[in-house]
Structures are given as structure tokens and as C-alpha cells.
Amino acid sequence: MSGSLARASYIVAAMAENGRILTTHVGSLPRPQDVVDVVFAEDKGEEVDPQEYDRVIGAAVKDRVQHQVDAGVDIVSDGEMSKIGYATFIRHRLSGFEVGDVPRATPADLDAYPSFRDRLAAAGDTAKYLRPICRGPIAYENRAPLERDLEHLRSAIEGQPVEGAFMNAPSPGIVALFQPNEYYDSTDEYLDAIAEAMKTEYEGIVEAGFYLQIDAPDLAMGRHIMYRDEPDEVFVERAAVHVDAINQALRDVPGDRVRVHLCWGNYEGPHHLDIELEKIFDDVMRLKASALQFEAANPRHAHEWAVWRANADKIPDDKILIPGVLDTTANYIEHPALIAERLGHFIDIVGRDRVIAGTDCGFGTWAGFGPIDPTICWAKLASMAEGAKLAAARARL
């Protein structure tokens, strides 16, 4: 990635190469078994040889970047190889968290169908990880894991024909959702503390020359987990507070280096209690980010392209849309023509130069767990690349 490209905005990147529609994804990718073994050992506090850890993770990042390039992905990631999960890994970087025994909140839509919920649990189709709990003041105290991640990604993309690279980091609100608070007097105080600590992580990623992706399922999935017992009106008010926490942490980061991922939960389930996009749309538009990623392929949210069309006048002119055109909970390989059709909806709304093809969510949200066969993951990404070419060709007509 050249220095000039590293400084380019998403708008510049999306307009590159004669009207191509670029491709990316949400971040996490299937981990090889040796990666699963070392990240679980690290999470359990077992002794892990640092050199062997670096060798395993570094090799996996290079391999996953190569797979992305081979599949036609333009803006790549490290696949979150070093992270057991996209939010719980922060306990290895932030102070104030201890592993404890607190029940995990089940999504309300699964509780509404207990026979299906129990079948998932019995089949082992639920993520396994240690549950961090906030029991002390939060501060960013261990930067070494971030620096290792940055170096692994930097090394992996060297010489690769990519348009850019990004690294994931959780939003303050999703950290609060997964890690219960037993220290701060209020949720707002807890969010403020997380935001101030994560500011270091966010700035470190951008300063290294990568795009920062903030994963913010709390803005949507939080409705049926963290705020499951509240009415929609209360959740919408709380979602606004969560947006403020993200913006607070980004106050010193250029918005054109940031993309935010909006998600209702990357799991097969009823999803009938998902908050409607229309109800949180205005607050999502307030995010300090040049690119917005969102689910647009799965059966519960594929129709919401019409919400973007109905609210086109509210979309800032500098916003890039990254709709999910691949369902990350199903092993169907989407046809390129369907992908082009999905992209076409958003091209009609904001123009070809402000659309990048993406995925609904990650392919490896939790290490060692995921519904998509790894070989099918790469095939889905390759089909996305073909669909993006077809959509670009149609847009030039």
C-alpha cells in the first residue's frame, strides 16, 4: 500500500481505476486450527511461547490476505487472526477487566423460540469464550498486542495488489454489551471510560496507515440483547448515546480514515425482533465515518435498501455506502447477477463512485466457530468480485 494510497479517502479509492466498484468485507475470517489453539490458550492464561505465537499468527495473516487477493478483494484485513472474538479480546489490552462467572445474555429472538435456541446450544453452535467483567478503572495499558497486529498486517500486504487495508476495533458500546459493568455507577460513565481507553486503539490503527473499522452491533443488535427489556423508543435514545461515545473516541481521528459496521447479529435465528433501520437511521448518519457498512443481503434486512432510498436526502454527500451483498450465515454462494442487482439499488441512490461491495458480517466472528465452510467463504468472496464487475459495467451503460 503506497503512502499516497494510505492517505486517500474512501471516496478517492472508490473512484479509482476507471469506475471500478471496489470490494471489501467486514473483517473476521475463518481461523486455521493452529490459530484457534494459540488464541484459546492465551485467553485461558496458559503459557504460550511468544515466538511461536508470532509465527502462527503472522503466517495465518499472510495466508488470509493471499486468499482475499486471490478472491478479488480490494480492501483487505488481517482476518482478526489474533482475536478470539471481536469485542472480548480487549481485556488483554485494557485494565479493569477480570474473568468472572456472569450469565451471558441470550438474544431475545432466540428466547422467543426456545426449542431452536436449545438445539443450537446442544449442537455446539454457540461461541465459547471467557467472559470479562469490568471490576476496576479502565485504561489502555498494554499496547504490545496492537503493535503486533499492525506489524503482521503490514508485512502481509507488502507487495500485494490491494487498494487498501483495514483493521477492526470494537465500539465502546459493544464492549459494554459483552462485558458487564460492576465498577462504574452508570452505563453512561462506563461508556465514557471505554471510549477514552479505545481512543488509543483507534488512533494507533490510523497512525499506522490503515483504515479503522469500528464494529458497532450495539447500534442495532443491542436492541434485542443489552436493551431487550426496553421499548423501541428507549433503545433509540440509548443508541444515540452509543453514537456519541463512538464520536467522542474519534474526535482526533480524520473521518475519512474510518468505517463503521452496523449489525443486527451474525447468527442464524428468527431476527424478528431486530430494530428497523428506519428507526435508527438519523443517528447512524451522525457517525464520524466516511463509510457505513450494513446488512443488506440476509432475509431480514435485504429489503431495507428502500429505507436508504427513502432517506437519500439525509445521507451526507461525503458518505460511502458498503452494503452487505453476501449473507454470512448461509453456505449458499450468491450468484454474481444477484450481487450486481443488490449493488445496483445503492448505485441508484448515491452513485457508482460512492458504493463499495461488502458482506453482511464476518466469516469468523468467534475463533473456532462459524457456520460458513472456509472453502465456501473464499468462493462467496470471489462471486462478490464478479458481481461488482458486472454492476460497474451496468452502471457505465
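Let's start in the sheet: strand 7 (residues 291-294) and strand 8 pair in the parallel sense over four bridges. Two strands count as paired if DSSP finds at least two bridges between them, and helices (H or I, at least four residues) and strands (E, at least two) are DSSP runs, numbered from the N terminus. Across this pairing, Ala291 faces Ile320 of strand 8.

Before I go on, a quick word on what you are looking at. This is a predicted model, where local features need pLDDT of at least 70 and side-chain atom pairs count only at pLDDT 80 or more, while totals for chains, interfaces and linings use all residues. Residues are numbered from 1 along each chain as its sequence is written, and side-chain values use heavy atoms, with hydrogens and water left out.

Back to strand 8. Buried here means under 20% relative accessible area, exposed means over 50%, and partly exposed is in between (1.4 Å probe, protein chains only). Strand 8 is covered on both faces, with Ile320 and Ile322 buried on one side and Leu321 and Pro323 buried on the other.

Let's move to strand 5. On one side, strand 4 (residues 164-170) runs parallel to strand 5 (residues 211-215), and five bridges join them. Asn168 stands opposite Gln213, and Met167 stands opposite Leu212. Strand 5 also runs parallel to strand 6 (residues 258-262), joined by four bridges, and there Ile214 has Val260 as its bridge partner. How many residues of strand 5 are buried? Five of the five, so strand 5 is largely enclosed by the rest of the structure. Tyr211, Gln213 and Asp215 lie on one face, Leu212 and Ile214 on the other.

Next, helix 5. Its 22 residues (residues 50-71) should span 32 Å at 1.5 Å a residue, and the end C-alpha atoms are 31 Å apart, which agrees. The expected span is 1.5 Å times one less than the number of residues. After the helix comes Gly72, with a positive phi near 95 degrees.

The buried residues of helix 5 include Tyr53, Ile57, Val61 and Arg64. Their cover includes helix 4 (33-43), strand 1 (75-77), helix 8 (144-157) and helix 15, where contact means heavy atoms within 4.5 Å.

Arg64 takes us to the charges. Arg64 and Asp63 form a salt bridge, with the closest N and O atoms 2.4 Å apart; the term means a side-chain nitrogen of Lys or Arg within 4 Å of a carboxyl oxygen of Asp or Glu. Arg64 counts as buried because its relative accessibility is 10%, whereas Asp63, at 31%, counts as partly exposed. The structure holds 27 salt bridges.

Another pair is Lys380 with Glu334, at 3.0 Å between the closest N and O atoms. This one links distant parts of the chain, 46 residues apart: Lys380 is in helix 15 (residues 374-396), and Glu334 is in the loop between strand 8 (320-323) and helix 14 (336-350). Both Lys380 and Glu334 are buried.

There is also a network of salt bridges linking Asp111, Arg117, Asp118 and Arg228. Within it, Asp111 meets Arg117 at 2.9 Å, N to O.

Last stop: Asn247, in helix 11 (residues 232-249). Is Asn247 buried or exposed? Asn247 counts as buried, because its relative accessibility is 18%. A polar atom of its side chain lies 2.9 Å from the backbone nitrogen of Lys288. Leaving out residues up to four places away in sequence, Asn247 touches Arg286, Leu287 and Lys288.

Definitions and conventions:
A polar contact is a pair of N or O atoms within 3.5 Å; within protein, one must be able to donate a hydrogen and the other to accept it, and residues adjacent in sequence count only if both atoms are side-chain atoms.
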